[in-house]
Amino acid sequence: MHRFALKIYGCQMNVYDGDKIRTALVARGWRESPEDEADLVILNGCSIRDKAEQKVWSDLGRFAVRWKNERKPIVAVTGCVAQSVGRRMAARFPWVRFVSGPRHIGAVPDALEQFFNERDAGRTIGNEETVFFLDDDPRAFLDLPGAPTERVNRWKAFVTIAHGCDNFCSYCIVPYVRGRFVSRPAEDILEEMRTLVADGVLEITLLGQNVNSYGSDFSDGYRFSSLLRDAAASTGVRLLRFVTSHPRDFTPDIVEAMAEHTDILCPSINLPIQSGSDRILKMMNRGYTLEQYRAAVSLIRNHLPGAGLTTDLIVGHPGETDDDFQCSVNALREFRFDLVHSAAYSPREGTSAAAREDQIPREVKMARLNEINRIQSLIAREINESLVGSRFSVLLDDVAPRGEGILQGRTPSDKVVLVEGGEELLGRFVSVEITCGENWCLNGRVLHVEN
Ligand code: SF4
């Protein structure tokens, strides 16, 4: 029996792909183990941000001593980091013997098994060659069938509904490393959701780089709102969330479907604004103006009062002036997001923004980032403090990193709630009264268990 360790870097899509790989290996008789006992370490990584990619590079160096002494572990690099820099990693570290891009996930378990069988038979040790599965065809996709039943979390799961993206925003590497946009068949998604529910999953988050575009490559008119309605009506899932939405494609039918199923479809939407300046939005190739973004926010808030609204915002895109930056500050004040995933622009090789000459100095980007974070902290605290005394139904799904005896869950609007409680409450829906609002979370007390 071979032992493997799996390390995930990056977004929920990497977590989902990691869960699928884990499930497939366990089904083939592999056992998950701590990293220092593993024959195989899989690094499933992200390359969307430079920081995530650097983490994979630095982790790879740590295997040198064990490799020298034991010729272990074999390292497999998978995910979009493999697609973008896997060849370089394999050239630098001899323990990287397996490299697979995200659109070859279906090939990974069998290929790993074959690799280890050959190695056990003594056929490759000594002059081993690295196995490469790179996604040369950006439209091809080799899926890994079956639901991820070996998950990081017992009660929550992710389900990818579409792969890749066709938008080519100026700063983004996704279309290059995750390929072109392709929707999964609805029946596959719904069946996977039913399997997860039968496995005890209570909350599912649907994933896509742009979930609103779901179905745009179908000819039968089936769209994202159709999928939301079918998922709410026919899978038995208790809570359903989704990320990420694109402001340009956010159409009324989506909020209409959400308003029809408020008991299941959580009223929380991540709507990345990226900049408050029309000039920068155009440079970014985002396909909307601030006025159009404003209309999407009105649509959400009119149909779903109390909905949580979060966003992504980049500061320091090449060419961003002080006036452009001020537009982003004004947008934060206008829209009063519950949470902002802010980032200083970092150039990603091969993207159009990386080739521009008007890059912003690092110290300017960091000053702008600090200012955004300062303003948003104040806004988030005001919003969270206004919720003191409110009551929510919350699924307690994990032990909080904050310490023993503290459990965490999320409000329907996607705010993290911390409560005191024993682990017997995990996987239960509880009624919670909010007692304190912090910048990043709410504290509450359990009033009663609901189920
Ligand atoms: S919509 Fe733009 S930012 Fe989002 S994944 Fe596609 S290219 Fe990247």
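In helix α8 (residues 224–234), the buried residues are F224, S225, L227, L228 and A231. A residue counts as buried if 20 or more other C-beta atoms lie within 10 Å of its own, as exposed if 12 or fewer do, and as partly exposed in between, with C-beta atoms placed from the backbone. The model is predicted; local features need pLDDT of at least 70 and side-chain atom pairs count only at pLDDT 80 or more, while totals for chains, interfaces and linings use all residues. Residues are numbered from 1 along each chain as its sequence is written. Helices (H or I, at least four residues) and strands (E, at least two) are DSSP runs, numbered from the N terminus.

The exposed residues A233 and S234 sit on the face of α8 turned away from its buried side. Cover for the buried residues of α8 includes α7 (186–198), β11 (239–243) and α9 (252–260). After α8 comes G236, with a positive phi near 80°.

Ala, Val, Leu, Ile, Met, Phe, Trp, Tyr, Cys and Pro count as nonpolar, Asp, Glu, Lys and Arg as charged, and the others, Gly among them, as polar.

N167 lies in the loop between β8 (162–163) and α6 (174–177). N167 counts as partly exposed because it has 19 C-beta neighbours inside 10 Å. Residues up to four places away in sequence aside, N167 touches P175 and N210. Contact requires C-beta atoms, placed from the backbone, within 7 Å. The C-alpha atoms of N167 and R180, 13 residues apart along the chain, are separated by 8.9 Å.

The protein is divided into domain 1 (3–133), domain 2 (156–383) and domain 3 (391–449). These bounds come from an automatic or database domain assignment. The C-alpha centres of domain 1 and domain 2 lie 30 Å apart. Their contact takes 13 residues from domain 1 and 13 residues from domain 2. On the domain 1 side, α1 (12–27) and α4 (80–92) each supply at least two residues. The largest share, four residues, comes from α1. By class, this side of domain 1 has six nonpolar, four polar and three charged residues.

Notes:
Two residues are in contact if their C-beta atoms, placed from the backbone, lie within 7 Å.
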